[in-house]
Each structure stands twice: as structure tokens, then as C-alpha cells.
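Please walk through the model below from its overall layout to single residues.

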Amino acid sequence: MKAPAPSAPHAADERRTLLVVDDDDVFRSRVVRAFEARGFDVAAAASYDEAMALARRESPELALVDLRLPGQSGLDLVRDLRALDPTTRIVMLTGYGSIATALQSVRLGAATYLTKPVDADEILAAFEGGTTDTARPTLMPQPLARVEWEHIQRVLADCNGNVSQASRLLGIHRRSLQRKLSKYPVRETRGNNS
């Protein structure tokens, strides 16, 4: 029987732990595979409750948290992961990027904020506090009309498509909201003028 190489136990001890929390099964699996290939010890969860159960068993060094989760939001999870272990470095991830949400996630303890689509290199750069040549800035400035459109879509989704309820929450007349919804969404800018 051959003894393991002396560096093997040392390398295993230094594997960084990562908790990936996203309700999109395909995306979550892809991120888990990418970080396992990079030598991380990865745990995955699809909800707030699953993530907190995993974190209570073993607090992760790093956590990638999606903003929109079933039940409690990713913002709640950021707050509670930080309360559980203030040394956990958290990156907030969402398909709906807005300055207000970014600021709120950072106030609650996230190190930074990324908008989807995003790849493993961009996520890793965000955890390390830097950028790579291929990584875009963590929060691209968006035109005000785009931010408004995304906010309306989030509120409408939270109201299960009920335009009357959404208009009350947004503080605008129902017909005004219907006019805004009838327009096409404003194109997102990605930092180039082409």
C-alpha cells in the first residue's frame, strides 16, 4: 500500500469553503462544478432555510447568495450569515441589478454585488476583491429608465402579476403603470458603445 504524498493532507486542509445559494438548479450546479474544479470545498442550497442549516453545521469562508430566493430573500440571508460568522465573505448575485439593492446588500454585510449573467472567473475576482481582464465591473451603471423598468418588474412579480396591487405599492396610477408595462424594456448597457 502506497502512502499518500506528504503535500496531499496539507492541500486538503487549505481548501477554501464556499456556499452557493441560488434557486436556479442549472446555474447552481454549474457554479458548484466550476469551483470544485478550482479546488474549493463547495456546499449548495436552493433556499434561505437550506443555506442557514448548512452554515450552522460549518460556517463557510465564502458565500455566493442570490437576491431572489423562495421564502426569505437573499438580503435576509446576507444579514444572518454575517451574524452567524462575521468573517464570511459574501458576494450578492442577482438578475435584477439596481443601485438601491446593491447598497442595501453591502450595508447588510456583502463584500460586493454582481449581476447575472456571470461566470466563475468574475465570481472568483469578486471574492478576491479584484478584477480579471475578462471581468466586468461588479455593478455597471444603468440608465434610470432601465432601473425603473427592473423595479416595476420586481414589484409586479412580487404581486403575482396583479397590476392594481403593484400600482398601489409603487404609488402610481394603474393606467400609468399599464402604459409603462406596454413599452419595451430599455436596453441594458454593458460599458461599450457599440
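**From layout to local detail**

Along the sequence the protein runs α-β-α-β-α-β-α-β-α-β-α-α-α-α, with nine helices and five strands. These elements are DSSP runs numbered from the N terminus, helices being H or I of at least four residues and strands E of at least two. This is a predicted model, in which local features need pLDDT of at least 70 and side-chain atom pairs count only at pLDDT 80 or more, while totals for chains, interfaces and linings use all residues. Residues are numbered from 1 along each chain as its sequence is written, and side-chain values use heavy atoms, with hydrogens and water left out.

Of the 194 residues, 39% count as buried. Buried means under 20% relative accessible area, exposed over 50%, and partly exposed in between, with a 1.4 Å probe and protein chains only. The accessible surface comes to about 11,200 Å², and carbon and sulfur atoms hold 52% of that surface; areas come from the Shrake-Rupley method with a 1.4 Å probe, and for residues only the protein chains shown count as cover. Among contacts (heavy atoms within 4.5 Å) between residues at least 6 apart in sequence, 61% join residues at least 24 apart.

Helix H6, residues 120–128, has seven of its nine residues buried, so it is largely enclosed by the rest of the structure. The buried residues are Ala120, Glu122, Ile123, Leu124, Ala125, Ala126 and Phe127. They pack against strand E1 (17–21), helix H2 (25–37), strand E3 (62–66), strand E4 and strand E5 (112–115).

Strand E4 covers residues 89–94 and includes Val91. Val91 is buried, with a relative accessible area of 0%. Leaving aside residues up to four places away in sequence, Val91 touches Ala63, Leu64, Val65, Thr112, Leu114, Ala126 and Phe127. Val78 is 13 residues from Val91 along the chain, and their C-alpha atoms are separated by 8.8 Å.

The aromatic count comes to one pair, where rings of Phe, Tyr and Trp (its six-membered ring) pair if their centres lie within 6.5 Å, and planes under 30 degrees apart count as stacked, over 60 as edge-to-face and the rest as tilted. Phe35 and Phe40 have ring centres 5.1 Å apart and planes at 80°, so the pair is edge-to-face. Both Phe35 and Phe40 are buried.

How do the helices pack? Helix H3 (residues 48–57) and helix H4 (residues 74–84) meet at an angle of about 10°, with their axes 11 Å apart. Axes are lines fitted to C-alpha atoms, for helices over the stretch in contact, and angles run from 0 to 180 degrees between N-to-C directions. H3 and H4 are therefore roughly parallel; angles under 35 degrees count as roughly parallel, over 145 as roughly antiparallel, 65 to 115 as roughly perpendicular and the rest as oblique. Tyr48, Ala51, Met52, Ala55 and Arg56 of H3 make the contact with Asp76, Leu77, Asp80, Leu81 and Leu84 of H4.

Helix H8 (residues 163–170) and helix H9 (residues 174–182) pack at about 105°, their axes 9 Å apart, which makes H8 roughly perpendicular to H9. Val163, Ser164, Ala166, Ser167 and Leu170 of H8 contact Arg174, Leu177, Gln178 and Leu181 of H9.

Asn160 sits in the loop between helix H7 (144–158) and H8. Asn160 is not a glycine, yet has a positive phi of about 55°. With a relative accessible area of 75%, Asn160 is exposed.
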